[in-house]
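I opened this notebook to record what I looked up in one structure. The entries follow the order in which I consulted the model.

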Amino acid sequence: MRKAVLMFLTAIVLMVPMTADMIGSSTLVSAKTYPTSFKFDFGHGEVEENYIGVRASDAYDRSKGYGFQTPQYIENVHASGEGVGSDAVEFIRYGTDSTNTFNVDLKNGLYEVQVTLGDTSRASVAAEGVYQIMNMTGNQVTDSFLVPIKDGQLNLLITAGKEGTPFTLSALEIEKLSHSVVMPRTVWIGGDSTVANYYPKDSDELVGWGQVFHQFVDEDLFTVRNMATSGQVAKGFLEDGQMEAILKYIKPGDYFIFEMGINDEKAYSEEMFYQYMKEIVQSAKAKGATVVLVAPQGRAIDWDVDESGPVHDAKDKWYRPTTMSLAEEEGVGFVDLNVLSSHYFTSIGPAETQLLYRTGDYMHFNRQGATVLAELVAEDLQRQGHEGFGD
């Protein structure tokens with residue numbers, strides 16, 4: 001009789017579907033012991049202390065809660081760093097829609113994910129089917145991003161920033177921040193090389209203003225995500241995955257600050273620029289975000305002379321009139337960084353202005369110059385009545 005009861009109870013248990021709370025990240029465990037952080041060391045070398053070692057052949061295993069979806073397209077490779085940076089895995093197949101991902105089972109919530117690349121000249125990070133970090137450059141470079149997990153699993157891969165370079169991953173750290181499955185209020189930034197992030201991020205030589213914009217944002221109100229990339233045009237931003245990533249997460253209460261035009265002038269007509277920009281603006285507006293267009297700053301050589309002396313002037317460049325008109329037509333914000341920066345450059349003169357640009361460069365800025373531009377944008381937003389920007 002006792003045996004029959006036990007068999008009946010066992011059958012009932014097997015009939016009950018397993019819930020997300022019953023599935024652990026590394027083993028099948030209860031919600032009480034569910035892991036909230038992971039540290040993975042990739043490659044075939046020695047595993048660093050307090051890290052979980054993962055080799056290219058490690059297929060996803062539900063009992064472990066992590067592994068590669070298609071390990072046949074992953075390879076172990078050497079890396080030139082130390083510790084976790086001494087080896088890596090290379091993603092042979094890639095792309096934001098690729099299934100060649102590293103998967104980690106996670107309880108739903110908001111996570112901070114930190115990646116350390118192996119040896120690569122330029123690579124981007126994708127997760128949940130969209131870009132998360134654009135164009136990380138250099139060996140053993142590290143960066144992090146926030147991501148909400150809604151389906152119980154993180155799916156991550158290293159993908160193309162520049163074709164022809166290996167897309168490698170040395171280490172991955174994951175930490176749960178909250179139970180929320182919505183991104184915090186975010187200032188999303190888009191643009192070209194004068195706005196983009198550069199690595200290592202603490203370097204002073206080449207810095208985009210989007211990289212340092214967080215210094216002028218109230219971090220109690222917003223997080224900042226910079227999706228700008230070198231050489232980009234409005235068409236590419238719209239069609240190559242950057243805008244797709246923003247639209248996946250952007251929401252009411254967020255900002256989308258977008259500067260474009262420098263490369264567009266060489267790529268296509270002003271009419272085409274207008275159409276691409278309009279589609280970008282309308283798609284962000286449809287998500288309920290506050291959109292702000294920015295007219296690009298001028299070059300170090302854009303000087304005229306009048307009776308008062310040297311005057312910096314770049315007002316006719318980079319499709320500025322179209323950007324201004326579009327902002328007015330669509331009822332979105334506009335920051336005339338072109339004019340604001342020229343006024344500032346005129347006030348300090350040509351010699352001091354040149355010191356804000358990268359040595360030997362008349363287009364791109366060093367840390368000091370990027371910080372000046374970021375502050376000008378933030379102060380103008382503050383002047384226009386936007387909360388959370390400025391000093």
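**Entry 1. A hairpin and the charges beside it**

I began with E18 and E19, which form a hairpin with two residues between them. I took helices (H or I, at least four residues) and strands (E, at least two) as DSSP runs, numbered from the N terminus. The model is a predicted one, in which local features need pLDDT of at least 70 and side-chain atom pairs count only at pLDDT 80 or more, while totals for chains, interfaces and linings use all residues. Residues are numbered from 1 along each chain as its sequence is written, and side-chain values use heavy atoms, with hydrogens and water left out.

For two strands to count as paired, DSSP must find at least two bridges between them. Trp 303 has His 312 as its bridge partner in E19.

Which residues form the negative surface patch? I found Asp 304, Asp 306, Glu 307, Asp 313 and Asp 316. Patch members have over 30% relative accessible area and no salt bridge; like charges are joined within 9 Å, and nonpolar side chains (Val, Leu, Ile, Met, Phe, Trp, Tyr) within 5 Å. Lys and Arg count as positive and Asp and Glu as negative, with His and the chain ends not counted. The charge is placed at NZ of Lys, CZ of Arg, CG of Asp or CD of Glu. Areas come from the Shrake-Rupley method with a 1.4 Å probe, and for residues only the protein chains shown count as cover.

Asp 306 lies in strand E18 (residues 303-306). I noted Asp 306 as partly exposed, because its relative accessibility is 34%. The classes are buried (under 20% relative accessible area), exposed (over 50%) and partly exposed (in between), with a 1.4 Å probe and protein chains only.

**Entry 2. The chain as a whole**

I counted nine helices and 20 strands in the protein chain. Its C-alpha atoms fill a box of roughly 105 × 45 × 35 Å along the principal axes. Of the 391 residues, 53% are buried.

**Entry 3. A sheet of three strands**

I looked up an open sheet with the strand order E4-E5-E12 and antiparallel pairing. Strand E4 (74-78) and strand E12 (168-169) stand at the edges with a single partner strand each, so one side of each has no neighbour in the sheet. Strand E5 (residues 87-91) and E12 are antiparallel and joined by two bridges. Val 89 has Leu 169 as its bridge partner in E12.

I also examined Thr 159, in strand E11 (residues 153-160). Thr 159 is buried, because its relative accessible area is 1%. Thr 159 and Phe 91 are 68 residues apart in sequence, yet their C-alpha atoms are 7.5 Å apart in space.

**Entry 4. Salt bridges**

How many salt bridges does the structure hold? I recorded 10, each being a side-chain nitrogen of Lys or Arg within 4 Å of a carboxyl oxygen of Asp or Glu.

Asp 204 and Arg 367 form one, with the closest N and O atoms 2.9 Å apart. This pair links distant parts of the chain, 163 residues apart: Asp 204 is in the loop between strand E14 (186-190) and helix H2 (209-212), and Arg 367 is in helix H9 (residues 367-383).

Asp 361 and Arg 358 form another, also with the closest N and O atoms 2.9 Å apart. Asp 361 is buried at 12% relative accessible area, whereas Arg 358 is partly exposed at 25%.

Asp 380 and Arg 383 meet at 2.8 Å, N to O. They are three residues apart in helix H9, which means a separation of about one helical turn. Asp 380 is buried at 8% relative accessibility, whereas Arg 383 is exposed at 61%.

**Entry 5. Backbone exceptions**

Most residues other than glycine have a negative phi, and most peptide bonds are trans. I therefore listed the departures from this pattern that I looked up.

- The peptide bond from Tyr 199 to Pro 200 is cis, with omega near -5°; Pro 200 lies in the loop between E14 and H2.
- Gln 140 has a positive phi near 60°, lies in the loop between strand E9 (130-136) and strand E10 (142-149), and is partly exposed at 23% relative accessibility.
- Tyr 319 has a positive phi of about 60°, lies in the loop between E19 and helix H7 (320-330), and is buried at 10% relative accessible area.
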